[in-house]
Amino acid sequence: MKTMLKLLFLSLVACVSETAIAAAATSPAEKLKVVTTIPDLADITNQIGGDRVDVMSICKGRENAHAVSVKPSHLVAMSKCDMFVEVGLSLELAFVPGLLESCRNEKIQPGKPAFVNCSLGWEAIEVPASLSRQAGDVHPHGNPHMNLDPRAGRHIAGRVFEALVAIDSASKVAYQKRYDDYLAKLTEAEKRWSEIGTKWKGEKIIEYHQEYRYFAHSRGIDVIGTVETKPGVPPTPNHIAHVIDLIKRERVKVIVTAIWSNNATVRRIAEESGAIVLEIPNMCGGLPGTETWIGMMDVLHKRFAGAFGTTVPSK
Amino acid sequence: MGQVNRFTSLFNPAFSFILDTVGDYTDNQRTRDGFDARLRVFELAANAWVDPNAWAYFIGAAEEESVNIEEAAIHYLGFGGHRTLRAGRFFVDFGKQMQLHVHELRTLERPLVLRAYLGDESKGDGLQWDDWTSIGDSTALRWSIGVFSSLLPEEEEDFDPETTAAQELASTKHGADFNYTARLTGFTDVGSSGTLQLGASARAIPRYAFLYSPAANPDQTDDDLSNVVYGLDLTYGWVGDTGEQRWTTGVEALANTGDNGANIDQTTQTLNPSFDDDVLGYVAWTDYQFNRYHSVGAQFSALELPDGNKSDESEVEVFYSRQLSEYLRMRLVVSDFESDANDDALRVAVQLTAILGTHGHGLNW
């Protein structure tokens with residue numbers, strides 16, 4: 001009995017001391033610690049937060065965002081951060097729920113101002129009419145790869161700006177200035193991208209995974225098939241033969257793949273069909289020049305232009 | 001439209017089903033030879049928040065001809081910080097592979113040393129307190145203490161039905177009537193691609209008895225026995241830059257101490273006094289994932305049997321797993337079992353496992 005009382009006492013001491021340390025650590029002069037799921041969100045948060053934020057991205061630029069391995073540093077960062085930013089649309093389903101559950105950071109739980117779901121207010125495409133695994137690994141709220149839409153930077157920036165102001169209103173003026181500056185950069189970039197993409201309407205592509213639908217949709221590119229049988233389902237020999245036949249029949253020039261999905265199957269289809277493989281980033285940091293979201297969009301447009309044989313206007 | 005998680009569903013609670021099927025061929029030295037096919041486990045699970053501070057889950061499993069409540073527990077989070085009080089029936093927090101259900105294991109069977117020292121599954125009715133803290137920016141340290149009514153392993157089918165290890169389960173108990181578990185584990189990043197985990201675990205049964213009751217000589221007991229199993233585990237994981245290639249390797253060493261076995265004199269039908277020689281065993285494993293769909297691996301386990309003679313037993317398993325999709329897995333396993341005390345056996349098995357609905361057992365600490 002004495003031993004049990006000692007254990008209870010030690011547990012209570014641990015509770016009290018941990019709470020006191022946490023309270024002492026909070027200081028208005030400190031930077032906001034922000035954790036984002038993908039580097040695109042980290043860049044945009046940095047653009048608006050400037051020196052008021054210290055941002056970490058869980059996912060790296062070359063990774064498949066659907067299958068991220070959780071590391072101790074992710075858990076520690078989530079437990080200490082002041083703001084959490086995700087794409088949403090269940091893109092991060094493989095790792096965010098477990099981290100949110102284990103980190104026990106009340107500030108960043110869904111519904112709180114510091115939990116930022118960037119897909120709020122976004123009009124998703126490919127929202128399934130009915131939910132069945134017969135359709136593959138479908139996302140119930142629609143295609144989650146909204147970060148690859150040239151219009152997404154503006155939307156994400158708005159969501160991040162609102163959240164920063166909500167949790168750090170004292171720095172509102174600084175955030176507002178940086179937000180306005182970023183919107184101005186986006187306006188310039190959007191004009192540039194629009195000029196490059198104007199000649200792609202009606203071009204046909206095959207993609208490995210349904211990642212580039214928003215991008216294609218914005219430029220009038222026709223995605224006529226995927227290497228995956230269904231989202232998240234690897235290709236069968238029969239399906240590979242079908243894709244090769246489709247490429248030849250429809251005279252498709254380009255097979256689009258992200259870095260994580262550029263594999264032997266893609267190369268084999270390209271060799272047998274005569275199409276070229278276009279490896280492009282699906283997140284910031286995956287390729288040189290893509291460290292910022294605007295830089296990534298520039299690279300995407302240049303690579304598509306190269307693949308389609310269209311020109312890129314000089315800046 | 002927030003993040004969909006294991007607790008959100010069109011229904012509340014969120015339900016899931018697991019179907020784990022196995023077909024195999026066993027080449028056994030003396031006894032069972034030949035083919036078999038069976039539904040190994042049908043698991044039904046439900047998860048739901050009870051209130052803002054607690055969530056609860058239930059996992060029922062039909063195995064062969066029996067239906068069991070595998071786990072049914074409440075997680076109370078209202079103490080704040082990273083503390084959790086878990087109450088109900090659940091798998092004990094021991095090492096890396098005892099917390100897992102069989103369909104979640106990296107290969108077909110739980111490692112031989114865990115089966116021998118802790119049981120095919122080690123679950124109990126009780127309470128567990130756990131907490132974690134961070135050291136620096138890339139290390140997490142977690143500990144847990146559990147108190148259970150009984151953690152004696154369930155008897156195997158071919159075990160002599162007249163002989164059981166048992167505890168007197170009184171309605172009120174004192175310290176030595178309970179069973180205890182403890183685990184301390186640290187996780188840390190190793191560079192930008194690796195993680196390292198080191199853990200220490202213990203399971204203590206302070207008081208139990210062997211009961212033997214043949215018709216000719218009934219009600220024999222060997223009581224006031226105690227047993228403690230200690231474990232040390234080390235796991236290293238590496239993930240390639242795209243997240244598709246992964247390599248995991250680990251080792252877990254166990255010491256089974258105290259009164260860990262008894263035998264019966266079949267001629268006189270008497271229960272001999274239990275033996276208390278400490279026995280040691282270990283399991284080592286490695287697996288490599290080429291991409292999301294293909295992985296291969298091997299697991300080797302060796303141990304001293306708690307049979308009074310410290311007879312050696314070992315099992316090696318080589319496996320290939322094919323994720324046909326995220327929720328459907330096919331696995332091919334070849335295993336070789338060698339024993340000084342039992343029949344050697346070679347087994348070739350094909351396992352097909354399907355997950356229907358939302359599914360999750362939380363992080364594997």
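Which residue forms a salt bridge with A:Glu228?

1. The partner is B:Arg292, and the closest N and O atoms of the pair are 3.5 Å apart. A salt bridge here is a side-chain nitrogen of Lys or Arg within 4 Å of a carboxyl oxygen of Asp or Glu. Between chain A and chain B the count is three salt bridges.

2. A word on the basis: this is a predicted model, where local features need pLDDT of at least 70, side-chain atom pairs count only at pLDDT 80 or more, and totals for chains, interfaces and linings use all residues. Residues are numbered from 1 along each chain as its sequence is written.

3. Chain A brings 46 residues to the contact and chain B brings 47 residues, with contact meaning heavy atoms within 4.5 Å. Together the two chains bury about 3800 Å², and 54% of that lies on carbon and sulfur atoms; buried area is the accessible area (1.4 Å probe) that two parts lose on being put together, summed over both. A:Pro72, A:Glu101 and A:Arg104 supply 17% of the area that chain A buries against chain B, more than any other three residues.

4. Within chain A, helix H2 (residues 39–49) packs against helix H6 (residues 172–197) at an angle of about 125°, their axes 7 Å apart. H2(A) is therefore oblique to H6(A); angles under 35 degrees count as roughly parallel, over 145 as roughly antiparallel, 65 to 115 as roughly perpendicular and the rest as oblique. Residues making this contact include A:Ile44 and A:Ile48 of H2(A) and A:Tyr175 and A:Tyr182 of H6(A).

How values were computed:
Chains are lettered from A and ligands numbered from 1 in the order in which they are written. Side-chain values use heavy atoms; hydrogens and water are left out. Axes are lines fitted to C-alpha atoms, for helices over the stretch in contact, and angles run from 0 to 180 degrees between N-to-C directions. Helices (H or I, at least four residues) and strands (E, at least two) are DSSP runs, numbered from the N terminus.
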